[in-house]
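Dear colleague,

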Amino acid sequence: MLVGAAALLHAFGRFVLEGLGTPAPVAPPERLVVGGLYRNVRNPMYVAVLLAIVGQALVLVQPVLLVYAAVVGLAMASFVYGYEQPTLSARFGAEYEAYRRAVPAWWPRLRPWHPDRID
């Protein structure tokens, strides 16, 4: 739970400091956020929320929360593939496409991605 909460706060901070915006669609970042945890995984906020739910399931010994995590994960994935990716692609073009090719959506890469380096 703590790892998920810390990752979520970090990701929110990156949106404000690096992206000059918020995670909310009504006030999106002005720049593509690719620093911090975003160098390892494209969706650290969603991954963090899922980690927090799984952590609660383990701490509270409530297997039903694992089912909840799966349902929430499917809803998040639908949103990402149906809205977020097309929107980011239209807004940031080639920059987002290069990032998308290099950084996985859900399972973090072990070595952080650097846009100025070929991996």
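M1, V59 and L60 make a nonpolar surface patch of about 300 Å². Patches consist of residues with over 30% relative accessible area and no salt bridge, with like charges joined within 9 Å and nonpolar side chains (Val, Leu, Ile, Met, Phe, Trp, Tyr) within 5 Å; accessible areas come from the Shrake-Rupley method with a 1.4 Å probe, and for residues only the protein chains shown count as cover. Helices are DSSP runs of H or I of at least four residues, numbered from the N terminus.

This is a predicted model, in which local features need pLDDT of at least 70 and side-chain atom pairs count only at pLDDT 80 or more, while totals for chains, interfaces and linings use all residues. Residues are numbered from 1 along each chain as its sequence is written, and side-chain values use heavy atoms, with hydrogens and water left out.

The structure holds 2 salt bridges (a side-chain nitrogen of Lys or Arg within 4 Å of a carboxyl oxygen of Asp or Glu). In the bridge between E18 and R14, the closest N and O atoms are 2.7 Å apart. E18 is buried, at 18% relative accessible area, whereas R14 is partly exposed, at 26%. For R100 and E97, the corresponding distance is 3.8 Å. These two residues, R100 and E97, lie 3 residues apart in helix α3 and are therefore separated by about one helical turn.

The largest pocket has a volume of about 590 Å³. Of its 30 lining residues, the closest to its centre are F15, P23, P29, E84 and L88. A pocket is here an open set of points on a 1 Å grid over the protein atoms alone, where a 1.4 Å probe fits, with protein on both sides within 12 Å along at least five of seven lines; lining residues have an atom within 4 Å of a point. The volume is the space filled by probe spheres set on the points, which are joined across faces, edges and corners. The largest share of the lining, 11 residues, comes from α3.

L20 lies in the loop between α1 (2-17) and α2 (44-60), and V61 in the loop between α2 and α3 (64-102).

Yours sincerely

Key:
Buried < 20%, exposed > 50% of the residue type's maximum accessible area, 1.4 Å probe, protein only.
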